Amino acid sequence: MDPLEHASIPALAYLALSSEPRLGVLTALVVGATFPDLDALTKEHRSYLHSFIPFLPTLLLGLHLGGPVLPFALGWASHLFLDFFTGVIPFAYPLIRRGYGIEIFARGGASGLRIEPKILTEYPDPRREYEISIGGSVALTLLTLVVTLLRLH
Ligand SMILES: [Zn+2]
């Protein structure tokens, strides 16, 4: 999942669910939702910032302090949730490098529709370069910007 999708999905959810959305909360949410992919700059994508070891203390701090830390942590949670369904999350990295995720197949044909979930488990992929296709996400991002302008004015 690319950064535009990671930013847009929780932003749209916040804008849809909040009775009085605020730009500061939205900004903290989007920063929290996108920053874990800074892991791509390290030796392994989906490593330190995709682990619960730094995430859980941040969430607890956000629950205790409130302010921008809480929406930041919730954005981070949305990132981990979305990545869990598009690959693997190494929950205890670097203590345990193996990651887990769920891949869901929908198969249709003359015999009907079948939904087939499959548990993924693997080590994080070593990355030398970070390359993503964001073409399909541009429309989602534009929609998010329009909804943001409409909801925050
Ligand atoms: Zn990620």
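Helix α4 has a set of buried residues made up of Pro71, Ala73, Gly75, Trp76, Ser78, His79, Leu80, Leu82 and Asp83, where buried means under 20% relative accessible area, exposed means over 50%, and partly exposed lies in between (1.4 Å probe, protein chains only). Helices (H or I, at least four residues) and strands (E, at least two) are DSSP runs, numbered from the N terminus. The model is a predicted one, in which local features need pLDDT of at least 70 and side-chain atom pairs count only at pLDDT 80 or more, while totals for chains, interfaces and linings use all residues. Residues are numbered from 1 along each chain as its sequence is written, and side-chain values use heavy atoms, with hydrogens and water left out.

**The chain as a whole**

- The secondary structure of the chain consists of five helices and two strands, and, read from the N terminus, these elements follow the order α-α-α-α-β-β-α.
- Taken along the principal axes, the box filled by the C-alpha atoms of the chain is roughly 45 × 45 × 30 Å.
- The chain has 153 residues, of which 36% count as buried.
- Among the contacts in the chain with a separation of 6 or more, 57% come from residues 24 or more positions apart, a contact being heavy atoms within 4.5 Å.

- Helix α4 has 16 residues and spans 22 Å from its first C-alpha to its last, which is close to the 22 Å expected at 1.5 Å a residue; the expected span is 1.5 Å times one less than the number of residues.
- The cover over the buried residues of α4 includes the helices α1, α2 and α3.
- Two packed helices are described by the angle between their axes and the distance between the axes.
- For helix α1 (residues 3–17) and helix α4 (residues 69–84), the axes come within 10 Å and cross at roughly 115°, with axes being lines fitted to C-alpha atoms, for helices over the stretch in contact, and angles running from 0 to 180 degrees between N-to-C directions.
- This crossing of α1 and α4 is right-handed; a crossing is left-handed if the near helix is turned anticlockwise from the far one by less than a right angle, and right-handed if clockwise.
- On the α1 side the contact is made by His6, Ile9 and Pro10, and on the α4 side by Ser78, His79, Leu82 and Asp83.
- Sorted by class, the contact of α1 with α4 has three nonpolar, three polar and one charged residues, with Ala, Val, Leu, Ile, Met, Phe, Trp, Tyr, Cys and Pro counted as nonpolar, Asp, Glu, Lys and Arg as charged, and the others, Gly among them, as polar.

**Salt bridges**

- Four salt bridges are found in a search of the whole structure, a salt bridge being a side-chain nitrogen of Lys or Arg within 4 Å of a carboxyl oxygen of Asp or Glu.
- One of them joins Arg97 and Glu44, whose closest N and O atoms are 2.2 Å apart.
- This pair links distant parts of the chain, 53 residues apart, with Arg97 in the loop between α4 and β1 (99–109) and Glu44 in the loop between α2 (23–34) and α3 (52–65).
- Arg97 is partly exposed at a relative accessible area of 35%, whereas Glu44 is buried at 5%.
- Arg107, Arg114 and Glu116 are linked in a network of salt bridges, in which Arg107 meets Glu116 at 2.7 Å, N to O, and Arg114 meets Glu116 at 2.9 Å, N to O.

**Loops and backbone details**

- The loop between α2 and α3 holds His45, which is buried with a relative accessible area of 10%.
- His45 and Leu26 lie 19 residues apart in sequence and 26 Å apart in space, C-alpha to C-alpha.
- Arg46 is placed in the loop between α2 and α3 and is buried, with a relative accessible area of 11%.
- The phi of Arg46 is near 55°, a positive value in a residue other than glycine.
- Tyr93 and Pro94 are joined by a cis peptide bond with omega about 5°, and Pro94 lies in the loop between α4 and β1.
- As background, most residues other than glycine have a negative phi, and most peptide bonds are trans.
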